[in-house]
Amino acid sequence: MASADDQAAAAALLGGDPAAFDALLSTLMSSSNADRAAAEAAFHRLRSSHPEPLALRLAASLSSPATPADLRAMAAVLLRKLLSPTPSPDSSSTASAPIWPHLSPAGQSTLKSHLLSALQSDPPKPIAKKVCDAISELAALLLPENVWGELLPFLFRAASGPDAPNLQESALLIFARLSDYIAESLLDHLMTIHNLLASALAHPTSPDVRIAALGAAVNLVQCLPTNADRDKMQDLLPAMMRALTDCLNSGQEASAQEALELLVELAGAEPRFLRRQIADVVGAMLQIAEATQLEDGTRHLAVEFVITLAEARERAPGMMRRLPQFVGRLFAVLMQMLLDVEEDPSWHTAEAEDEDAGEGNNYGVAQECLDRLAIAIGGNAIVPIASELLPQYLSAPEWQKHHAALITLAQIAEGCAKVMLKNLEQVVSMILNGFQHPHPRVRWAAINAIGQLSTDLGPDLQVHYHQQVLPALANAMDDFQNPRVQAHAASAILNFSENCTPEILTPYLDGIVAKLLVLLQNGKPMVQEGALTALASVADSSQEQFKKYYDAVMPYLKAILMNATDKSNRMLRAKSMECISLVGMAVGKEKFRDDAKQVMEVLMALQGTPMETDDPITSYMLQAWARLCKCLGQDFLPYMSVVMPPLLQSAQLKPDVTITSAESDDELESDDDSIETITLGDKRIGIRTSVLEEKATACNMLCCYADELKEGFFPWIDQVAPTLVPLLKFYFHEEVRRAAVAAMPELLRSAKLAVEKGQSQGRDESYVKQLSDYIIPALVEALHKEPETEICASMLDSLNECMQQLSGRLLGENQVRAILDEIKNVIIASATRKRERAERTKAEDFDADEGELLKEENEQEEELFDQVGECLGTLIKTFKASFLPFFDELSVYITPMLGKDKTAEERRIAICIFDDIAEQCRESALKYYDTYLPFLLEASNDENSDVRQAAVYGVGVCAEFGSHVFRPLVGEALSKLNNVIRHPEAQHADNIMAYDNAVSALGKICQFHRDRIDAAQVIPAWLSCLPIKDDKIEAKVVHDQLCSMVERSDADILGPHSQYFPKILSIFAEVLGNGTELATDETTKRMVNLLRRFQQTLPPDFLASTFSNLQPQLQLLLQSVLST
């Protein structure tokens, strides 16, 4: 209950005289924190105790022209917040629940009419907009319930009245805000709306009305349910574009920018709406982009429009590629914008690599847009345009043009990689010429291009052009006049070596390492940092080969680690940690051990000192510890108690999230680079990325420790599992989810090994069960909600590894049921995505480039199916015949995967699942042969070698376990296997695995169905294929079978008068010559015993002539085997 004092205060504020309430509104805007806080407290008390009088008082202040403008605006904002149905994240839900339901019918009615009359009173623009916000907020609440019948007629009237432009504008703004809620109810009045918008778009005097009409049109088009409905609005497009050009022609650029923002939104959401007039629309936008007399911001928005259209792949595939002349014009505009860079002395003296002195507004926009354009349009369209423009720029006298050309090459490389690889020689020579340019910024841009191409066009660039590129980078490191060039050359060495084999790098190491050591002793931290990063990468890429430089390099690295204690050197010290740990990993434990102890002492001391939140050392230290652990293995265990507490703290960081209304004026600090904003529905979410990156690093490191230390990680599982399991559903950052997913099997493996080796602090197998009961359901649930196909595949892989750690009794029936239900969902969701992609192939602009991109997306689905197959394989191996009831349920999903219309990978996976069933369930699986065997036999001659391999392997399994069910099919199976074995290309690298498996299957038919074959023909044919050497698993099976047949003195295998004996001897010799590659230890022992038996029992002449027919090296091998 409110106190008497509160009641009296409320009566004074809400009574007949508005002055007291106006004073409260005024204090709510006070610059004095204390006064403002007191006013806020009073307002909240009123909200709780007198919601209706408060709302009506705000509405009265708002609708009264006598109220001062700033107070009317404040009243509008407060009223909107009272009506808002969404609780704000920082206040309790009771405080921010909407008050509308608590008003009396009379109060509700008064409030609605106050709001509408406030609009009609022709308030100043800023207030009108806030009134529109409040009306929209309330309408969003009421329209779905059909309880504000007078609103739409009011809006129609107001929006049709050109004589009151301010009211017309307000009505159109509300239409735009409410499109989502009213689109359905407007379908019957579409032509009325169409005409209303057409006349508002052509308002004779008010650009604001035209822009508001444009906003309403854009939103309405997005909210209409069908293409047919959208088509009815199609002929508004010329008027929508005119609204933009009229603003530009009359010099109203601020309004033009608003119009452009709306059209960009339309291009992203409904690109097909623009399709019929695409040439006119894009042509107009390019004119704006080319008009240098316009403001930069206007031109940038026009560019953004065209790029957004190019990126709208899912909704309008290939549409922009049909307009090469426009892509060419846009490319030329972007290259022109790159010229917005000028000589600035501070660029040369900068302390940090990312210092961009001299770069104008256009430069950064052009850079980003070239990258996006190339990715969206692809190399086939972009490279011909670039090939025309780049030589013009490179032959011009101005350094800015050379700089622009090199920056362009770097920016388009990712999107054009496939096409650029075909012209790699030209590209590399263009860039290397830039290394000789007299202007340091051009040389910097050339180095930058080499660095970028090393990533985007590697490893081809490294393999073919290392002889040109590495010496050029080494020379650039000698440019002591220009430390920025030196530092960038070191960074490019990093990019180059990341995609490089030790063989390519080794010949250059002496020169590169010597130069990097010189740079390490340079006074400029930026150069030293570049050198450290490059050394780390070179060590990582050259591994063992780096040992010879260790003694020269490590003292410098340790000196930096120990001495760079100044705040200005934080990054330098962080990079020295990275470098030391990577060098340690490259050279190995023995070489690194003594220094490792010293380094860890420094790290432990550092760990104990408080650090600022933005100190880069934190993240680098987390990674350095993990690398030291990988290097030292179990020797690292004593340090875990130091490492783990801060690591867990980082992994448990809460995301720093701010949520505001997408429409609100409370902008997040948009100039803060560390905050990334995304808009979800009507909310704008801002997330501080540095926190997420530290969290992701920490999660990855936890996974590293569990993987490396195995059972040694056991003491930490109870803290790590509850930290990581909830992060399987951490949707703010993919890397965090990936790390959590990868860690799940590692935690289970650690627990299982610790229990098995008696290192589990008294815990037994029930602990492993408890842990798996926590992890597996969480993984299954996360899989159900995961939006990214690639991460879904990782989750299935992780689930499979988890199941492999567990015996059947640790995996309950309910868990298996949940896993299978989710596998069904995965298959259905994947089929839906593929269907949607197939629909996109029917779009009129669909082309080969788009087909290529869709193919890549479908390959991700194949990876997903592959993991489905692996999971089912594990379940079948674990539960054998008791899994069959589950298999029966799944077969409706699996059998269709065998269809000819499915991809080779889907067919292969379906066959592998049946192979597992037949092999693991044996006679219980015979009932499925009628369904699956015909597919298997047909697929044995499939054109895809992986499908053939799976099919002929299955034929072998069915021959072994299919008894009477397989017998009638022996003839057909022999014919199919013969086709595989006798094919002219059978032993080509692509086909050899299918060949080996066909030979193995043939052997099983010889063994289990001898009575159904012509042994005199088939067995010698089988022997002639032995030994098999590529499928090591099948080789061991087949050679063991041969051994058993010879031990039994099988007449068919030895042949009449032992005529096949020389072949058998030669097979044994080849198998023994390969050690344990082609046969198990036991089989090789049995082969040696057989050879000795032959030596003792066969006539010496016969043996000698048989030996003499063998190849010389096989003779020597057999002699050495028999003489030992």
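Is Gln543 buried, partly exposed or exposed, and what is its relative accessibility? I looked this up to begin. Gln543 has 32% relative accessibility, so it counts as partly exposed. The cut-offs explain the label, because partly exposed covers what lies between under 20% for buried and over 50% for exposed. I note here that the model is predicted.

**Entry 1**

I stayed with Gln543 and checked its backbone. Its phi is near 50°, a positive value in a residue other than glycine. I made a note of the background: most residues other than glycine have a negative phi. Where is Gln543 placed? I found Gln543 in the loop between helix 29 (525-542) and helix 30 (547-563).

I then turned to Arg922. Arg922 is not a glycine, yet its phi is positive, at about 45°. I placed Arg922 in the loop between helix 43 (904-921) and helix 44 (929-939). Arg922 counts as partly exposed because its relative accessibility is 41%.

**Entry 2: the whole chain**

Next I stepped back. How many helices and strands does the protein chain have? I wrote down 55 helices and three strands. The C-alpha atoms fill a box of roughly 125 × 75 × 70 Å along the principal axes.

I looked at burial too. The protein chain has 1124 residues, and 55% of them are buried. The chain exposes about 47800 Å². Carbon and sulfur atoms supply 51% of that area.

I also looked at contacts between residues at least 6 apart in sequence. Of these, 72% join residues at least 24 apart.

Then I turned to charge. I noted 97 positive and 155 negative side chains in the protein chain. The centres of the two sets lie 5 Å apart.

**Entry 3: cis peptide bonds**

I recorded a general point before this step: most peptide bonds are trans. Which peptide bond near Pro459 is cis? I found that the bond from Gly458 to Pro459 is cis, with omega near -5°. Pro459 sits in the loop between helix 24 (440-456) and helix 25 (460-476).

I noted another cis bond, from Leu1026 to Pro1027, with omega near 0°. Pro1027 is also in a loop, between helix 49 (1015-1024) and helix 50 (1032-1047).

**Entry 4: salt bridges**

I started with a general idea: side chains of opposite charge can pair when their charged atoms come close. How many salt bridges does the structure hold? The structure holds 58 of them. I picked a few to follow.

Arg230 pairs with Glu270, and their closest N and O atoms are 3.3 Å apart. This pair links distant parts of the chain, 40 residues apart. Arg230 is in helix 13 (residues 227-232), while Glu270 is in the loop between helix 15 (253-269) and helix 16 (278-290). I checked burial for both. Arg230 has a relative accessible area of 10%, so it is buried. Glu270 is at 11% relative accessibility, so it counts as buried.

I moved on to Glu311 and Arg372. Their side chains meet in a salt bridge of 2.9 Å, N to O. Glu311 lies in helix 17 (residues 296-311) and Arg372 in helix 20 (residues 361-377), so the pair ties together parts 61 residues apart in sequence. Glu311 counts as partly exposed because its relative accessibility is 35%. Arg372 counts as buried because its value is 16%. I saw that this pair belongs to a network of salt bridges linking Glu304, Glu311, Glu368 and Arg372.

My next pair was Asp718 and Arg763, with a salt bridge of 3.1 Å, N to O. Asp718 lies in helix 36 (residues 717-724) and Arg763 in the loop between helix 37 (734-756) and helix 38 (765-785), so parts 45 residues apart in sequence are tied together. Asp718 has 43% relative accessibility, so it counts as partly exposed. Arg763 has 35%, so it counts as partly exposed too.

**Entry 5: a nonpolar patch**

Which residues make the nonpolar surface patch of about 210 Å²? I listed Val657, Ile659 and Phe732. Ile659 is in strand 1 (residues 657-661). Its relative accessibility is 34%, so Ile659 counts as partly exposed.

Note on methods: Residues numbered from 1 in each chain as written. Predicted model: local features only at pLDDT ≥ 70, side-chain atom pairs only at ≥ 80, totals over all residues. Heavy atoms only, no water. Patch = residues over 30% accessible without salt bridge, like charges linked within 9 Å, V, L, I, M, F, W, Y side chains within 5 Å. Areas by Shrake-Rupley, 256 points an atom, 1.4 Å probe, with all protein chains shown as cover. Salt bridge = Lys/Arg side-chain N within 4 Å of Asp/Glu carboxyl O. Helix = DSSP H or I, 4+ residues; strand = E, 2+ residues; numbered from the N terminus. Buried < 20%, exposed > 50% of the residue type's maximum accessible area, 1.4 Å probe, protein only. Contact = heavy atoms within 4.5 Å. Lys, Arg positive; Asp, Glu negative; His and termini not counted. Charge placed at Lys NZ, Arg CZ, Asp CG, Glu CD.
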